[in-house]
Amino acid sequence: MEIRLKIWRQKNAHTKGKFETHHLKEVSPEMSFLEMLDYLNTQLIEQGKEPVTFEHDCREGICGSCGLYINGRPHGPMQHTTTCELHMREFKDGDTIVVEPWRASAFPIIKDLVVDRSSFERIIHAGGFVNINAGCAPESNSTPVNKIISDRAFDAAVCIGCGACVAACKNSSAMLFAAAKVSQYALLPQGKVEAAERVQKMVKKMDEEGFGFCSNTYGCEFDCPKGISVDFIAQMNREFFSAKVCKPKAE
Amino acid sequence: MQKLDSKIPDGPLAEKWKNYKAGLRLVNPANKKKLEVIVVGTGLAGASAASALGELGYNVKVFCFQDSPRRAHSVAAQGGINAAKNYKNDGDSVFRLFHDMIKGGDYRAREANVYRAAEVSNDVIDHFTAMGVPFARDYGGSLDTRSFGGVQVSRTFYAKGQTGQQCLLGTYSSLSRQIAKGTVKMFPRRDMLDLVVVEGKARGIITRHLLTGEIERHAAHAVVLATGGFGTVFYLSTLGLGSNASAAWNAHKKGALFANPSFIQIHPTSIPVLNDYQCKLTLMSESLRNDGRVWVSKEKGDKRHPTEIPEEERDYYLERRYPAFGNLVPRDVASRAAKERCDKGYGCGDSGLSVYLDFRDAIDKQGKKAIEDKYGNLFEMYEKITGINPYNQPMRIYPAGHYTMGGLWVDYNLETTIPGLFSIGESNFSDHGANRLGASSLMQCTGDGYFILPYTLSDYLSDQIRVPKFRTDLPEFEESEKKVKERIDKVLAVDGSQTASSFHKRLGKILWDHCGMMRNAEGLIKGLELIDQLEEEFWKEIKIPGGADELNHELEKALKVVDFFDVGRLMCEDALQREESCGAHFREEYQTEQGEAKRDDANFAYVAAWEYQGPKAKPVLHKEPLKFEFVELKERSYK
């Protein structure tokens with residue numbers, strides 16, 4: 001198949017970016033989207049031009065490195081699919097495909113399609129863990145956990161930290177990302193002990209990093225490649241308000 | 001010539017670690033703050049080690065090439081993590097887990113190390129649970145387990161098909177906690193390009209900042225490599241594309257011996273190559289072989305649609321060759337059997353390089369719902385990649401490079417032959433012999449990081465308390481940095497016309513053909529020749545656009561390929577000297593009449609540890625004899 005790519009090029013954070021158009025012939029429908037970009041890059045290098053820089057690693061939808069805004073949607077047109085899992089058979093011969101990086105002030109552009117997602121790291125550093133040292137864990141089965149609760153914690157814990165939720169949100173909110181972590185720990189007895197402090201610290205950090213607030217459009221859930229539910233945002237809000245009302249304040 | 005001292009403690013197997021640990025020296029809490037440790041890699045091994053060392057109070061510096069430690073390739077492990085909890089009351093024990101690993105590794109691992117890995121496995125599960133890792137549970141609220149890869153007990157803890165992700169995010173959370181506390185400083189987006197050795201001891205590393213290209217010096221009292229395996233040497237593998245050998249390889253060049261490099265596990269059930277630009281083979285979990293039946297047509301080059309091939313014309317070759325284990329033979333056996341059929345022309349698909357994994361009978365017998373409950377996410381993944389619905393027609397699968405049992409040689413302390421340089425997780429060679437059993441890598445990585453290294457490293461550091469913090473303006477750092485810069489300039493200066501990936505792909509093909517699932521002396525010698533030729537071409541034809549002082553993926557790739565040439569050569573040398581077949585290493589000259597692996601315990605029950613002698617020079621082989629005091633060496637039979 002033949003496609004036309006309109007792709008974002010930007011030298012670095014300080015220069016202005018622009019769209020560049022490339023025509024690609026003999027694209028195989030069996031190629032993954034990133035293999036198509038590899039194919040483009042091989043041609044660019046052979047022509048003595050600079051290849052397009054994009055992030056990727058596992059290429060099986062679990063590491064969260066890749067994240068391209070394709071035809072106006074994070075990770076492209078398929079639901080519950082990361083960019084690396086997307087295949088060219090989902091496009092038609094002759095299609096024009098527009099490829100951009102995540103757009104959010106909390107994710108500044110580094111080069112071409114690569115953005116800086118270290119703001120997510122700092123949200124986790126603020127409290128995305130259970131305070132326990134190696135060596136002092138009790139026997140696993142000494143605390144039974146209801147299977148439904150445990151499965152629900154798992155559903156929250158599948159977040160791959162790609163940032164699609166932020167890219168999908170008109171407010172560039174990181175609520176789904178933070179809520180998934182807050183909920184995972186708040187649901188499990190092991191994480192419940194510090195739930196009140198954790199939610200306050202993580203929400204505070206999220207605000208400091210410049211992410212917007214949630215206005216309930218559910219775009220994040222729709223475009224989350226792992227299908228994480230906005231119900232967890234409701235859970236986080238509940239945790240947050242109950243922490244404010246009846247639990248000790250975080251320093 | 002270096003003498004290998006494995007430092008295995010005396011005494012009964014079950015007492016070794018306990019007694020040894022009790023005798024290890026400690027560091028006073030006030031002194032720990034003065035000591036610095038570098039950890040390279042943030043997968044299960046690196047992240048667990050860094051956080052455990054941070055918890056103890058050491059000053060830790062952690063490096064990874066990704067933008068976040070959470071993206072290390074441990075994240076992609078699917079099936080599960082073993083522990084000898086015996087929650088199923090089915091007769092499991094530390095000894096049985098140890099015995100399964102030793103046998104599964106075809107008696108090419110150290111008894112004491114393997115026993116210790118089994119011993120700490122229960123602590124690993126408890127710690128993960130306490131950190132809020134949502135393992136699968138029963139309705140009563142206790143942890144569930146499942147069976148895995150050929151063992152007779154149910155000891156594999158899991159979190160759907162994403163156990164690696166959940167465990168890695170667990171270690172990532174403990175690492176994040178230490179970063180927040182300030183005991184650990186995180187350096188993401190760094191490639192380690194050299195190890196710095198001062199007065200015979202590992203004292204630092206040279207890294208390249210991947211965004212700015214800056215070459216940086218980092219000093220410490222000890223260095224821990226947790227840099228994973230080198231399976232990407234095959235180009236097409238189940239690993240993440242960034243995984244590489246460079247950190248371990250450059251440590252090897254500085255004097256660390258490299259052990260058993262030819263022991264590479266080829267996983268039997270990966271999605272086959274679908275197009276020419278493919279650079280990654282996605283794994284389909286081993287668990288699928290519980291219900292899927294593997295077959296090819298009885299007719300060579302049969303191009304019929306699989307559903308049109310009638311039952312009597314199908315060859316269920318695993319069931320035919322291995323009636324006792326059938327489709328559940330271990331990974332090495334299943335991989336070779338698939339290759340044998342395809343090589344003879346019975347393979348399916350356009351390339352003829354795949355076999356069918358068929359769920360028709362399982363769906364007929366158990367119903368579609370039951371199969372969907374067990375494998376739904378894997379079926380979905382398969383359909384996403386291939387566009388084929390495996391409920392209606394068989395999957396196509398083929399073996400792919402997966403896990404390296406070989407790696408840096410370490411003693412019982414997990415210390416390499418360079419004092420102060422430790423290696424943990426997949427980057428060392430120690431626990432899996434010639435073949436790894438499913439679900440034991442997550443266990444080993446975290447056991448090493450949380451519960452073994454903190455003890456042995458403290459012992460090493462106990463006499464370092466008077467050594468002041470290292471300065472990075474020592475001549476050794478100067479020299480190392482200079483060499484790294486020269487390496488970068490040299491590769492940039494070629495200015496040829498071919499990409500790093502194209503060379504990597506060709507190197508991978510050479511190794512796959514000559515040092516893959518089946519090897520023979522003639523092929524290995526040919527392979528060595530071809531690698532030399534390709535390397536020569538590389539230094540004339542490599543093309544890297546852009547410069548060294550910016551984000552430049554092509555430069556990163558080229559530097560990795562430079563090291564892969566060396567790694568590939570050592571793999572061939574190692575496979576060549578081991579004139580026996582064991583585990584994943586199958587020499588065609590050494591097989592039984594039925595085509596099974598023929599081990600030679602009298603002559604090859606040793607660890608092959610290689611010493612680097614300089615570019616183009618033949619490496620020197622050191623042998624660490626393997627003594628088996630607690631298990632009896634037997635032939636592995638799955639007939």
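Two strands are taken to pair if DSSP finds at least two bridges between them, and β11(B) meets that with five bridges to strand β15 (residues 395–404) of chain B, the two running antiparallel. Helices (H or I, at least four residues) and strands (E, at least two) are DSSP runs, numbered from the N terminus. Welcome to a short tour of this structure, which is a predicted model: local features need pLDDT of at least 70, side-chain atom pairs count only at pLDDT 80 or more, and totals for chains, interfaces and linings use all residues. Residues are numbered from 1 along each chain as its sequence is written, while chains are lettered from A and ligands numbered from 1 in the order in which they are written.

**The open sheet of chain B**

- Five strands of chain B make up an open sheet, in the order β11-β15-β14-β12-β13, with antiparallel pairing.
- The edges are held by β11 (264–270) and β13 (314–315) of chain B; each has a single partner strand, so one side of each is left without a neighbour in the sheet.
- "In contact" here is a distance test: the C-beta atoms of two residues, placed from the backbone, lie within 7 Å.

**A closer look at β12(B)**

- Is β12(B) mostly covered or mostly open? It is mostly covered, as four of its five residues are buried. A residue is buried if 20 or more other C-beta atoms lie within 10 Å of its own, exposed if 12 or fewer, and partly exposed in between, with C-beta atoms placed from the backbone.
- On one pairing, β12(B) joins β14(B) in the antiparallel sense over three bridges, and Trp295(B) stands opposite Tyr356(B) in β14(B).
- β12(B) is also joined to β13(B) by two bridges, again antiparallel, with Arg314(B) as the bridge partner of Ser297(B).
- The loop between β12 and β13 of chain B holds His305(B), which counts as exposed because it has 8 C-beta neighbours inside 10 Å.
- From His305(B) to Ser154(B) the separation is 151 residues in sequence and 38 Å in space, C-alpha to C-alpha.

**Two domains in chain B**

- Chain B is divided into domain 1 (269–401) and domain 2 (475–604), with bounds that come from an automatic or database domain assignment.
- The C-alpha centres of domain 1 of chain B and domain 2 of chain B lie 30 Å apart. Their contact takes five residues from each of the two domains.
- On the domain 1 side, helix α9 (residues 331–343) of chain B gives the most, with four residues.
- By class, that side of domain 1 of chain B has one nonpolar, one polar and three charged residues. Ala, Val, Leu, Ile, Met, Phe, Trp, Tyr, Cys and Pro count as nonpolar, Asp, Glu, Lys and Arg as charged, and the others, Gly among them, as polar.

**A helix crossing**

- The axes of helix α13 (residues 475–493) of chain B and helix α16 (residues 553–577) of chain B come within 10 Å and cross at roughly 105 degrees.
- α13(B) and α16(B) are therefore roughly perpendicular to each other, a term for angles of 65 to 115 degrees.
- Arg487(B), Val491(B) and Leu492(B) of α13(B) meet Leu555(B), Ala558(B), Leu559(B) and Val562(B) of α16(B).
- This contact has six nonpolar, no polar and one charged residues.

**Positive phi in two loops**

- Lys160(B), not a glycine, has a positive phi near 45 degrees and lies in the loop between β4 (156–157) and α6 (163–181) of chain B. Lys160(B) is partly exposed, with 19 other C-beta atoms within 10 Å.
- Glu199(B), also a residue other than glycine, has a positive phi near 50 degrees and sits in the loop between β6 (190–198) and β7 (201–209) of chain B. Glu199(B) counts as exposed, with 8 C-beta neighbours inside 10 Å.

**Where the chains meet**

- In the contact between the chains, 61 residues of chain A touch 62 residues of chain B.
- The largest share of the chain A side, six residues, comes from α1(A).
- The residues on that side of chain A divide into 24 nonpolar, 20 polar and 17 charged.

Conventions:
Axes fitted to C-alpha atoms, helices over the stretch in contact; angles between N-to-C directions. Parallel < 35°, antiparallel > 145°, perpendicular 65-115°, else oblique.
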